[in-house]
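Here are a few notes to read alongside the structure.

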Amino acid sequence: MSDPMDVLAPEHRRLRIGDAWRDAASGATFAVEDPATGGTIAEVADADVVDGLAALDAASRAMAEWAATPPRKRSELLTATYRALTERSEEVARLITLEMGKPLAEARAEVAYGAEFFRWFAEEAVRVEGRYSTAPAGGYRVLTVPKPVGPCVFVTPWNFPLAMGARKIAPALAAGCTTITKPAAQTPLTMLFLARIMEEVGVPPGVVNVVTTKRSGAVVSALLADGRTRKLSFTGSTEVGRVLLRQAADNVLRTSMELGGNAALIVCADADLDVALDGAMVAKMRNIGESCIAANRIYVEEPVREEFTARFAERMGALSVGHGLDDGVDVGALIDEASVTRIDELVTDAVDRGARVLVGGERPDGPGHFYPPTVLVDVPDDARMLKAEIFGPVAPIMSFTSDDEVLAKANDTEHGLVGYIFTRDLQRALRFTEGLDTGMVGINRGLISDPSAPFGGVKQSGIGKEGSHEGILEYLDLTYAAIDLP
């Protein structure tokens, strides 16, 4: 097949600001790497503060006209984006695999998932409603009017380079906001391609701006310090999220923060083990385990621990590892060498503390950033991987003997994004759902992400919701008018 880079011409590897594709003011560029080979696949513009503020200029100029655009027109442009992404799915998927490393089948699934946000919020755009009512004491009326919050700054991660941008851009545009997206430096090409598609379908200049940079701290800080920015949405680590929240506080910005996770996956003795195995494989290995909602800790009730562990290890060991564009590959490359080193250190730490490796556990020789699917047992409570977000294809399995015991262990983390429960006992499932300190729960399924559902966590896993009807509310302010009417 053709080179995936053929879909993104050199002129579209620059900054998208207002109505132009332009070089960084300094002329600087940076290299984008294929994580499966370590080779450079493209050079893109490396923005500085002046470029970020130019994008904010463009977003601010476009704000009033876009906010006044009829909801139906905004809806039609979002629908057109959905259709264009669907029609060009293979091109987008190959580009995602090339810069991020995931297998092509998973990249295709991401395109379908990301495109669906544009379709969902196209439908929500025409359903933004206020209310009109009589004050309880009489004598006047209460009118509420939703309004777009204003120019939004988005900082998106590398693990889902299309979907995480789509999950922010689509509701913002539906609400009438303009946007500036700073994609991860490891995977800027997919977001640039999305900006090109949105330009082609007719989204007005200045509504969707993309600033690629390796100087994220300086550029984002300048944007947050400018009083014209009214909203920040970030997906990434809790550590960076805390920093951005402090900066956003100075201008009291609206914030949506989708931060780290440390998901527990609980398999009860009464579970259908075939269902539990399928769910655990998805929850652990979707996106090579590089997902905030990945199963980080697997707890299996003692009566079925041995059978589940043996079958799970067999399935993990059968997965093929290789370049994501090659046929038959199940597990692609991790994003960079630092990720491989970090995961290898977590495995070594667990083994040094007494854990046993059933499958994998050794980084391979050769080019690219690969780590094999790995299963560990007898992992002690003080192992670092039980506290850290693994973000890779490594599964520690522990046993439990009571619901109270496993709930206490599952909740023993600063994070609270998602938990997974496998049981055929409905009452037990509901008790776990209420007992887990998480924003989301998967019951007898390992895949929970859906544009129609509110995605988000509690504790230090984030603030706010993305997707669903709640997702558009994050981009709306509410004005209340008291109308004298005896």
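1. A quick definition before we start: a residue is called buried when its relative accessible area is under 20%, exposed when over 50%, and partly exposed in between. Keep in mind that this is a predicted model.

2. With that in hand, take glutamate 200: its relative accessible area is 47%, so it is partly exposed. It pairs up with arginine 88 in a salt bridge, with the closest N and O atoms 3.5 Å apart. The two sit 112 residues apart, arginine 88 in the loop between helices H2 and H3 and glutamate 200 in helix H6. Arginine 88, at 19%, is buried.

3. Now look at arginine 428, which is buried at 10% relative accessibility. Its salt bridge with aspartate 403 has an N to O distance of 2.6 Å, and this pair links helix H12 to helix H13, 25 residues apart.

4. Arginine 428 also forms a salt bridge with aspartate 270, at 3.2 Å between the closest N and O atoms. Aspartate 270 lies in the loop between strand E12 and helix H9, so this pair ties together parts 158 residues apart in sequence. The count for the model comes to 31 salt bridges.

5. On the surface, Tyr132, Ile483 and Leu485 make a nonpolar patch with about 270 Å² of accessible area together. Leucine 485 lies in the segment after strand E22 and is partly exposed, at 35%.

6. As for annotation, an unreviewed UniProt entry puts "domain: Aldehyde dehydrogenase" at residues 21-478. That stretch is 41% helix and 20% strand.

Technical notes. Residues are numbered from 1 along each chain as its sequence is written. This is a predicted model: local features need pLDDT of at least 70, side-chain atom pairs count only at pLDDT 80 or more; totals for chains, interfaces and linings use all residues. Side-chain values use heavy atoms; hydrogens and water are left out. Patches are made of residues with over 30% relative accessible area and no salt bridge: like charges are joined within 9 Å, nonpolar side chains (Val, Leu, Ile, Met, Phe, Trp, Tyr) within 5 Å. Accessible areas come from the Shrake-Rupley method with a 1.4 Å probe; for residues, only the protein chains shown count as cover. A salt bridge is a side-chain nitrogen of Lys or Arg within 4 Å of a carboxyl oxygen of Asp or Glu. Helices (H or I, at least four residues) and strands (E, at least two) are DSSP runs, numbered from the N terminus. Buried means under 20% relative accessible area, exposed over 50%, partly exposed in between (1.4 Å probe, protein chains only). UniProt positions are given in the numbering used here, feature names are shortened, and annotations may be inferred rather than shown by experiment.
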